[in-house]
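Okay, thanks everyone, let's get going.

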Amino acid sequence: AGERGRLLHARPPRKAALCGQGQEPEEAGRDLRQRPHAARPPATHDRGHGIGRGDHDGGRVEALLLESNMIKRLKPHYNILLRDDKSFPYILLRRGHRWPQISKYRGAKSGQGDYFGPFASAGAVDLTINALQRAFPLRSCSDSVLESRTRPCLQHQIKRCTAPCVGRIGKADYDVLVEEARAFLAGRSRQVQRRLTDRMTAASDALEFETAAAYRDRIKALAHIQMRQGINLPSMGDADVVAIHDEAGQACVQVFFFRSGQNYGNRAFFPRHGADDTPEAILRAFIGQFYSGREAPPLVLVNRSLEEAPLLAEALTLKAGRRVKLHRPLRGAKRKLLEDAERNAREALARRLGESTAQRRLLESLAQRFELEGAPDRVEVYDNSHISGTDAVGSMIVAGPEGYIKSAYRKFTIRSTAACDPATMREVLTRRFSRLIKEDPGRSGESWPDLVLIDGGAGQLGEARRVFADLGIADLAVAAIAKGPERNAGRERVFLPDRPPVALGARDPLLYFLQRLRDEAHRFAIGTHRAKRAKARVRSALDEIPGVGPRRKKALLHRFGSARGVSQAGLADLETVDGISSAVARAIHDHFRADR
């Protein structure tokens, strides 16, 4: 039990903050440490895909997996926490269709097809797909677009698709492209390039120069992909390179993704941790949480010696269902990769520290100018967006010493019919702080702001103060920032409670800081509003009919061509559509004739 307690808590004297239902954090910590696993006989069977040991302590491995999952889910204050829940994008080469599709994909790998990745960013996937389509002109359109085309699209005109939708390529030739793309993404790039080179040479010898030029362009596209990917190690296989660098009480973990020896990019992470946590403890916690929601590759390279590396590797093996090796190389190409990753981590942390220092100075200047008790750690900025009261939305963005905290951004669909700016702001603030009071009445968490900044003037400030008074919030700093005469940027005024408006100098760094906060809230609000309007524009009359979901809607549109065609169809015609029962047909028929 004592060793499990050491595994579950990096700092035993503090609260574990891992709580089950109805438990206080400290009680849950004791429950995990004192649960009598020792009463069970230890597992002694050989899994075959272990890490070289025939036996393993299943209780310790399960405790390690449980710890990582609970820390990531409950976000306890005193534990090392990886604050990143984004899934990584993949390239999906679909199967199960006459004309397989290549596309970007996120989410569970439940569909039929081949998944290549993960890539470090969506941008890297888009660039790779664009380059791949020059080498392997496969379709990227949806099935519905493919089936409805009557002539080639622009992708065919720019030679990134072979237009299977209108029969410009045969099934056998298209399948060759699919297999070549699959082979290239699987790491057999030399084999594919050699094959294309042979075809180019044969076409040139046969005086088919246009065909040879097409093969030449495809070879150039493949070379461009490999050049952009940077370091590629064919002998590497599937591996992640994980390196940590710590400085000034902060740490950066850099992760490089290699699949089939090809570099799929890298990403920097900045896990939250305590001042007394060692780099080894941070890296160990990072690996546990990072792979709690994704599958680990067969090889994970690290730049630190981890005391519990065998146990951690066994936990990753158990979760992946195959052998996972955790390795710290001391020489060779893999060591060079770790040095590159560590250098990237050092440079990323230096940039973050520089930005954080400048941000902290601005927050201290803000506290001094607004007469706050101290520099705010959390600033919430509110804005709203609508057109004459329609499709009204509110937005909240959050900033702190380390910049924008985008995971804390929130958007609000306005329910009030009186969607003027003060009424909208009142609804947004009421909903936000009513929930805060309910979830954290003692303000013990990190969700309460130190400063609320409103995009608006005296009217919005007065509305915010009335909301706080109604909710019994008396000690929350609030301010409003409004543009100057004729809405000129650079002549903003800041409204504070019971004080005359403050006009900041045109070259005051604090003015630029407040403008950036206001503009970010404005950008987020407008983006939300536009998305809502776009969704309303494409909404069909069929969406309003109970019992008609996406599949039935698609079947109806294929049968009748449009929603108008469906509305004019008779009951007998509706009943002939696949998936439409007599009851659903009656509901559709009555829906379009209710107002006639």
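Predicted model: local features only at pLDDT ≥ 70, side-chain atom pairs only at ≥ 80, totals over all residues.

So, start with helix 7 and helix 8: helix 7 passes helix 8 in a left-handed crossing. By left-handed I mean the near helix is turned anticlockwise from the far one by less than a right angle, and clockwise would be right-handed. Who makes the contact? On helix 7 you have V176, E180, A183 and F184, and on helix 8 S189, V192, R195, L196 and R199. Contact, here and later, is heavy atoms within 4.5 Å.

Residues are numbered from 1 along each chain as its sequence is written, and side-chain values use heavy atoms, with hydrogens and water left out. Helices (H or I, at least four residues) and strands (E, at least two) are DSSP runs, numbered from the N terminus.

The axes of helix 7, residues 171-185, and helix 8, residues 189-205, come within 7 Å and cross at roughly 140 degrees. Axes are lines fitted to C-alpha atoms, for helices over the stretch in contact, and angles run from 0 to 180 degrees between N-to-C directions. Helix 7 and helix 8 are therefore oblique to each other; the cut-offs are under 35 degrees for roughly parallel, over 145 for roughly antiparallel, 65 to 115 for roughly perpendicular, and oblique for the rest.

Now set that beside helix 13 (residues 421-439) and helix 14 (residues 458-471), whose axes come within 9 Å and cross at roughly 30 degrees. That makes helix 13 and helix 14 roughly parallel, and their crossing is right-handed. The residues that meet there include R426, L429 and F433 from helix 13, and E463, V467 and L471 from helix 14.

Okay, sheets. Two strands pair if DSSP finds at least two bridges between them. There's an open sheet of 3 strands in the order 2-1-3, with antiparallel pairing. Strand 2 (102-105) and strand 3 (113-116) are at the edges with a single partner strand each, so one side of each has no neighbour in the sheet. From one strand to the next, the twist averages 30 degrees. Strand 1, residues 90-94, pairs with strand 2 in the antiparallel sense over 4 bridges, and Y90 has Y105 in strand 2 as its bridge partner. Helix 4 (residues 122-135) packs on this sheet, touching strand 1 and strand 2, and its direction makes about 175 degrees with that of strand 2.

Another open sheet has 5 strands in the order 6-5-4-7-8, with mixed pairing. The edge strands here are strand 6 (262-269) and strand 8 (325-327), each pairing on one side only. Ignoring direction, neighbouring strands are turned by 20 degrees against each other on average. Strand 4 (residues 239-247) and strand 5 (residues 250-259) pair antiparallel over 9 bridges, and V241 has F256 in strand 5 as its bridge partner. Helix 10 (residues 279-290) lies across strand 4, strand 5, strand 6, strand 7 (299-302) and strand 8, at about 140 degrees to strand 4. Helix 12 (residues 332-370) also packs on the sheet, touching strand 4, strand 5, strand 6 and strand 7, and its direction makes about 45 degrees with that of strand 4.

What about the inside? A nonpolar core, for me, is a set of buried Ala, Val, Leu, Ile, Met, Phe, Trp, Tyr and Cys residues joined through side-chain atoms within 4.5 Å. Buried means under 20% relative accessible area, exposed over 50%, and partly exposed in between, with a 1.4 Å probe and protein chains only. The largest core has 55 residues, and those with the most contacts inside it are I91, F136, L138, V242, I287 and L326. Helix 7 gives the largest share of this core, 7 residues. A second, separate core of 25 residues includes M396, M425, I454 and A482.

Last one, K319, in helix 11 (residues 309-320).
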